[in-house]
Amino acid sequence: MKLFRSTAIVGSMTLLSRVLGFLRDLVFAQKFGASLATDAFYVAFRIPNFMRRLFAEGSFSLAFVPVLAEYKKRGDPKELRDFVDHVAGSLAVILLIVVAIGLFAAPLLVAIFAPGFLDKPEKFQLTAEMLRITFPYILLISLAGFAGGILNSFSRFALPALSPVLLNIALIAAAVWLAPFFEQPVKALAWGVFVGGVLQLLMQLPGLMRLGLLPRPRWGCHDSGVRKVLKLMIPTLFGSSVAQLNLLIDTLIASFLVTGSVTWLYYTDRLLEFPLGIFGVALGTVIL
């Protein structure tokens, strides 16, 4: 009954998020269609989204939550807080380095993930510009995933499951109200991704405060718990990367096709994920 109840909570919150996500895609399709600009945005969004699913919701969560559960089971609040602080500090430092590299090497990343854009200078340049706006989303959403992992471990499922709603709201608002103020309206969507990441992270913090586990980030590369999480991430990284690599290969191939192909691929993928996100993700989160 507890499993059913918790799955229902996550599933209902995820349903709300998916419905808003579907509405978001309808707004995007109506406002921007399938064009050079939308192809550029979806590549700029897919690259940090790939890393989010690989790390924040993928290998990191799979490695972090079981280790956190071990510390929780020991019943030593100080030891648990120290572990959370060390993981938060180590994760933040690593992510800041990754984001700095991504901002500097945005054109190279576009060339790797969408090589078909190299023959289309305007599309390539626009994608690189938007990638520099969306790339910090990796830092924000990974820290939000870290916070969500803590809350889930204490059976607080609603806030982490509800937080993606804020991203959808931010993107819808950007498309409807912010886009007209930009010379290239699609850039408003990139800023919507960034704002959505900030909101998702901030939403989790009150829950951590109530648990007394709001992190005070400290570097912890020598901490045994941090080393264990990193060790566990290695095999889970391979397991969680398969589906995401498939999507990236699809995007890579689509980048060589006619304008609009990346956008069409994105919309079909979203339709596929609608039922998967409601049932599969909800049940998997609760069981973990």
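Helix H9 (residues 187-211) comprises 25 residues and spans 38 Å from its first C-alpha to its last, close to the 36 Å expected at 1.5 Å a residue; the expected span is 1.5 Å times one less than the number of residues in the helix. Helices (H or I, at least four residues) are DSSP runs numbered from the N terminus. Just after H9, glycine 212 adopts a positive phi of about 75 degrees.

The structure is a predicted model, in which local features need pLDDT of at least 70 and side-chain atom pairs count only at pLDDT 80 or more, while totals for chains, interfaces and linings use all residues. Residues are numbered from 1 along each chain as its sequence is written, and side-chain values use heavy atoms, with hydrogens and water left out. The mean pLDDT (the predictor's confidence in each residue, from 0 to 100) of the protein is 87, and 93% of its residues reach 70 or more. Where pLDDT is low, the predicted coordinates should not be read in detail.

A cavity was defined on a 1 Å grid over the protein atoms alone as a set of points where a 1.4 Å probe fits but cannot get out, with lining residues having an atom within 4 Å of a point. Grid points were joined across faces, edges and corners, and volume is the space filled by probe spheres set on the points. One cavity of 30 Å³ or more was counted. The largest cavity holds about 40 Å³ of space. Its lining consists of Arg18, Gly21, Phe22, Asp25, Arg270 and Phe274. Helix H1 (2-32) and helix H11 (261-287) each contribute at least two residues to this lining, and H1 has the largest share, with four residues. By class, the lining has two nonpolar, one polar and three charged residues; Ala, Val, Leu, Ile, Met, Phe, Trp, Tyr, Cys and Pro count as nonpolar, Asp, Glu, Lys and Arg as charged, and the others, Gly among them, as polar.

Helix H1 also contains glycine 11, which counts as buried because its relative accessibility is 12% (buried, under 20% relative accessible area; exposed, over 50%; partly exposed in between; 1.4 Å probe, protein chains only). The C-alpha atoms of glycine 11 and leucine 162 are separated by 9.9 Å, although these residues are 151 residues apart along the chain.

Threonine 251 lies in helix H10 (residues 224-254) and is likewise classed as buried, at 3% relative accessibility. Not counting residues up to four places away in sequence, threonine 251 touches Val43, Arg46, Phe113, Val262 and Leu265, a contact being heavy atoms within 4.5 Å.

Key. 1 Å grid on protein atoms, 1.4 Å probe; cavity = no way out; pocket = protein on both sides within 12 Å on 5 of 7 lines; lining within 4 Å.
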